[in-house]
There are 2 protein chains.
Amino acid sequence: MARESDRVDTEAPRARRADARRNVEAILDAAVACLSRDPDASVVDIAAAASVGRVTLYGHFKTRAELIDAALVRTIQHADQILETTDTTGDPTEALTRLVASSWQIVDQFRNILVAAQRELPAERIRGVHDRVVRRIQSLLERGQRGGAFRTDLPKRWMVTTVISLMHAAAEDAAAGRVKVDQVPGLITATLLAAFTAPGAKVPAARPSA
Amino acid sequence: MARESDRVDTEAPRARRADARRNVEAILDAAVACLSRDPDASVVDIAAAASVGRVTLYGHFKTRAELIDAALVRTIQHADQILETTDTTGDPTEALTRLVASSWQIVDQFRNILVAAQRELPAERIRGVHDRVVRRIQSLLERGQRGGAFRTDLPKRWMVTTVISLMHAAAEDAAAGRVKVDQVPGLITATLLAAFTAPGAKVPAARPSA
């Protein structure tokens, strides 16, 4: 009996941790899936989709806001993996065109998670979880500035804000039917390439993403 | 007695209506004041600031969202009156510079109402209440396009989205301390004048607003 009890003492916590990990994974998968379909999806909907009880869900995520935060973090990690494979070398204007096209795929696919996050989380938190994406944009802009492709008379942080806010605004326009989804990367690229041209210089022509 | 009762029948509803109007005005004034200080101001805070009971407030605005909607509408009416006095004639790039400077005054002063609205109302409703502002921007852009000052290869609605979203993004950047409030009109103008320059044309130099 002592032995049996020892086994329970050492194995049970490990089994519980594995259970908990599986539950958290199931809840996050369900949260991303449910919120992508409907930004107003409730905690009850998400628990049902994850096949866990509400008490279990609240054991891991105390509030709906906490759950949406975790779903947003997961989505942006996924985005970052896709951006990791995007070639941002070579001509900076062409690299920006490719980065916009890749980013738009994610923003378009997961725009309802962004909508849910905008309703539930402070704007600064949303910007905060984009930190790796911000760094990618920033390093491309810096390279373009050093080589003379982009203007140097605007603060870099403002140029990053311009990229992110146009991307998010395009998602709203597409959802409202003001622009067609497949037009968006072209519109954003054409706007940014002009916006980042120095006063007195000629705006480059946007070329379709390779 | 018959006469007295007649008087009550005809006067009392009028008096009640005048009372109701005064209450609604007091509630809206209080909502704009409270939300400008704190976008999380509660209905209880707003009722107290308006010196009305909670029941009275809920009699006029069924939910916090309805009250925030009304506060936003009032703020944008105020904005529209200021934009009405902004000279948008003459050189379109200079007119855009003046329109940005006037708009920024409002966005900066009332940015917490925008924050509250972004948390409580659908994005499309927020865009919807900007309809008169949208028309002002649009008619200036059209005039600039006809005269050759602004590019014609982007949809007008997307150019309007660019103006509004950069204005709102700048409010977030200013609140977060990423840009200085007094730099903002210059940054937005410099970005927009470039963004609206046609490919192959030279970006005009931004001039300070008169």
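On a 1 Å grid over the protein atoms alone, a pocket is an open set of points where a 1.4 Å probe fits, with protein on both sides within 12 Å along at least five of seven lines, and lining residues have an atom within 4 Å of a point. Grid points are joined across faces, edges and corners, and a volume is the space filled by probe spheres set on the points. This is a predicted model, in which local features need pLDDT of at least 70 and side-chain atom pairs count only at pLDDT 80 or more, while totals for chains, interfaces and linings use all residues. Residues are numbered from 1 along each chain as its sequence is written, chains are lettered from A in the order in which they are written, and side-chain values use heavy atoms, leaving out hydrogens and water.

**Largest pocket**
- The largest pocket has a volume of about 1300 Å³, and among the 49 residues that line it, Q118(A), H168(A), E172(A), Q118(B) and E172(B) lie nearest its centre.

**Interface of chains A and B**
- The contact (heavy atoms within 4.5 Å) takes 37 residues from chain A and 37 residues from chain B.
- Between them, chain A and chain B bury about 3100 Å², where buried area is the accessible area (1.4 Å probe) that two parts lose on being put together, summed over both.
- In chain A, the residues that lose the most area to chain B are W158(A), R178(A) and V203(A), which together make up 22% of what that side buries.

**Salt bridges**
- The count between chain A and chain B is four salt bridges, each a side-chain nitrogen of Lys or Arg within 4 Å of a carboxyl oxygen of Asp or Glu.
- R127(A) forms a salt bridge with D173(B), with the closest N and O atoms 3.8 Å apart.
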